[in-house]
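Please read it with the structure open beside you.

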Amino acid sequence: MYVGLRLQIIITFLFILAPLFSSFSLKVQATLMADSNIVTNGDFSAGVEPWYPNGCEAFVVSSDPFSSDSISDSPSCGYAVVTNRKETWQGLEQDITTQVSPGITYYVTASVGVSGPPNESAEILATVRLEHEASPTEYLFIGKTYASGDNWVDLEGTFEIANMPDRVVFYLEGPAPGKDLLIRSVTVRSSTDFEETGENAAALNIIKNHDFSDELCSWNSNSCDSFVVSSSDCDSGSYAVVNNRSETWQGLEQDITDSVSPGYSYKVSAIVSVSGPSQVLATLKLERQSSAAEFQQIGKTFASKDVWKTLEGSFVLSGRADRVVFFLEGPPPGIDLLIKSVTIHCESDDKFERSREFSSAPEADHHHHIFLNSSFSDGLNHWSGRGCNLMLHESLADGKILPHSGTCFASAAERTHKWSGIEQDITERVQRKLIYEASSVVRLSHSQETVQASLYVQYLDQREEYIGISSVEANHEDWVKLRGKFLLNGTPARAVVYIEGPPPGVDVLVDHFDVKPAEKSSPAGRPYIESHAFGMNIVSNSHLSDGTIEGWFPLGNCHLRVGQGSPQILPPLARHSLRTTHEYLSGRYVVATKRSGTWMGPAQTITDKVKLFVTYQVSAWVKVGSTGLTCPQDVNIALSVDNKWVNGGKVEVNDGDWHEVVGSFRIEKQAKEVMLHVQGPSPGVDLMVAGLQVFAVDHKARLSYLRGQADVVRKRDVRLKVSGLDPSELSGATVKIRQTRNSFPLGSCISRSNIDNEDFVDFFLSNFNWAVFGNELKWYWTEPEQGNVNYRDADDMLGFCEKYNIETRGHCIFWEVESAIQPWVQQLSDSELEAAVESRVTDLLTRYNGKFRHYDVNNEMLHGSFYRDRLGFDARAKMFKTAKELDPLATLFLNEYHIEDGFDSRSSPEKYIKLVHKLQKKGAPVGGIGIQGHITSPVGHIVRSALDKLSTLGLPIWFTELDVSSVNEHVRGDDLEVMLWEAFAHPAVEGVMLWGFWELFMSREHSHLVNADGEVNEAGKRFLEIKREWLSFVDGVIEDEGGFEFRGYHGSYTVEVVTSEGKYVKNFVVDKGNSPVDIIVDL
């Protein structure tokens, strides 16, 4: 032994040092704090009780799985094994209702591990479930860690209950199905316990394996040797010995890159000793690719043989480094360094746990500017030209162009490409998972073009990414503001922000260009809406009952008059939404004649009648005159909101009959003038409108109906039969049934960079079981230049999905819209194009044969026609047939937008059905109907009508790219609720894919459910509530014959039967079906 201290002296010494460091090894903590642990049997010394395996099985063993010795170094020398896990959320739980109180912070520490190979990492989470009788169950995230199958790891976190629920359950979960979860000890202590002991509970130790209880896991010997000395006694501690040292700097080190952030202060405490009198130092090494390594001294102490000393110090990172390494060094060569424990705590945060690495910018950094010389006050220092020349100006164009602010501005001249522009490298000044705001004022030398701020990122693995920050229409007459936000999911090796966009030859003028951490704003509350406004038509003189056009005026120089002979019933979708069959129309209509422009027609001013954040349904009968009619005509009900066009619905009319036009709108910003008007047909074509209805829609009034429909479509009667026990034992037995997973497919769009963000991955894996790749499988991504084929991103993402048992949709093999097709493809001859198409589908489906459950074969065929125009309609059918030959198990989909909302005459349900029939006649094996679902102000009846029409095809329908948008998070949640319930309650819909959920990674603004900092917003909370509502929970008493009946949603269940003899837990599945299903529970 290098240190001849008896165990009693060590423990006494640790008590003396307790106020000086905040984290003990689990075995010492369990010994000293056992009485304050609110978890019963936290070390499993009494077996499994009162722990409960949630949907799985558990038992306790006494040997350490990560050691050849039979004696573990945990206080109990035992651990729990949670096995037969079918879902990630299955684990071990304990009811702590009587042990907790509102308003108190509780600190959690657990020692956990997993089964499996050492090189496979698995996530483990600690969670608290709050059950309420009168409201949905809540879930509080406590903390997480990553473990592999070769060592114990510490999981730490905190939670606080705002209001006392009916039941509080603590549980551990997380590894993928099939992996066993191992739990060595669990401690949950209240803040009052920490106050009484004087222990610093304000921070968590960022050092992994801080007490060497897992040998040298996470530690690295720096050009020397090391080993761990541990006693065979369960209560004895371990310490590391660093020997064969030939230099003073040689010692033990640990990479802490992902655990520290610039601007924060960290406190270090280490217990060290030596084999001979010498100095011991704690040091930080900061490695950067662009410069030499930097060393920062933290603290030092003088130690002697056989005596443990405490080394203390602190450090602050002034900037981001590619790699941050903590290490202990110092003794002369030949002197062994002994290390008993190391703790590093963040002092800047007064919270016990930051649930994510990223919060918002540190307070000290809120006004820190990432760009240097952002206003060009130091000339062009720190700036460079990206494919152009930079110049500085005080004025241009004979003094007509002056600085917007300050004394000068820069110009990017002699630009050779659209991507050419001014740039600045910000690699050293940005960090991952932090939101940044870029702002600039720009102008053009001539012309009017789109100007965009972009971010180029190269990652440590050489992967590249281009991120669009924001864009604006710029011109030569005025300065315009360019502003947007961005976030880095992964750690960059290089990050450059630049301005691009206009074609070569157009100079881009930049007055200033700044990047800084974004300020976080508070979300708005729920808008107040008067309930009596629902269902009231706000159009004046809609029925034209008195035969006059009072309330109407002609928009443009057309003429209005009243005609006779229109339908005398309300338009069908208005009738359905208003739930009335008694209101009749007058049979009169307003007709606009002598129209010289498509925009001309009847109009009304409705400024004072529309309310903010209210969804209005639009419905009317429309018809066009036969004079001048040479082709199908569009009729559009539109709004002019302060001279900006807002779509209220559009229909194509190609005959002399009356047609219903339907749509919706919502205004979210106070307007000075709102005008309603009907427009569309060609000049000279008369336009007729009858029974125009515009009324506010109450989506909640429809939810009760949808819940009833879902009860029919998504539920099944279940008859449980309990067997294996004597009837006497079943007398008075209770049953508790908990659905653990709904089988209805629910997925999301993801990108390659998303899976580098642990917080994104956490939310995704917790809430979705399907994925679709946003861009990474598209042809323009995998082969941007002819012959330059790259599937790296798609391979990475598919590997991620396979690892976590996520089903995938292949989006997309081809895209029919010309603007989405690479220039090199467009430039091919017809024969070359045909060969390229064949090569594309063959390469893709051969490479990923059997990997994707669905494929969108040719995206948006109602909106594009590139391949049809070049190769003929038969080429579309051939795409389907070839794909089916290559991957017979994949379901082949069409995919279109605006099918469900009435906004686009090109993509009505009727036209979609016609396209499917035409493909099928050509032999195309169409297997599914994709509705993208990029919808604004959804109305349930309109969506349902489209679904009903498409269901006549007899094919499965999926919402493939669903997103909703509103600046108000509560209203956004309302819209999402409409769409999810309409889909869930329709028998033809077999799955829903969201087109993302994370801020800054959505195709539409104001559509995210989770803020960029990882906080679930109000729309996201509604999403989680809906998901919980799609689970069945039933309690009851077993009948004398051992039977119990209930009706529940399709999916996976756990049943708990409690008899006089004990408690029994079993799992079962309720599949789809119309007849009752019999489930035998053999106890």
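**Notes on charged pairs and their setting**

1. K922 counts as partly exposed at 39% relative accessibility, where buried means under 20% relative accessible area, exposed over 50% and partly exposed in between (1.4 Å probe, protein chains only). The side chain of K922 meets that of D874 in a salt bridge (3.2 Å, N to O), a term for a side-chain nitrogen of Lys or Arg within 4 Å of a carboxyl oxygen of Asp or Glu.

2. Please keep in mind that this is a predicted model, in which local features need pLDDT of at least 70 and side-chain atom pairs count only at pLDDT 80 or more, while totals for chains, interfaces and linings use all residues. Residues are numbered from 1 along each chain as its sequence is written, and side-chain values use heavy atoms, with hydrogens and water left out.

3. K433 and D759 also form a salt bridge, at 3.4 Å from N to O. Because K433 lies in the loop between β24 and β25 (436-444) and D759 in helix α7 (residues 758-767), the pair ties together parts that are 326 residues apart in sequence; helices (H or I, at least four residues) and strands (E, at least two) are DSSP runs, numbered from the N terminus. K433 is buried, at 3% relative accessible area, and D759 is buried as well, at 7%.

4. Both K433 and D759 belong to a network of salt bridges that also includes E123, K144, R432, E758 and D762. Over the whole structure, the search finds 52 salt bridges.
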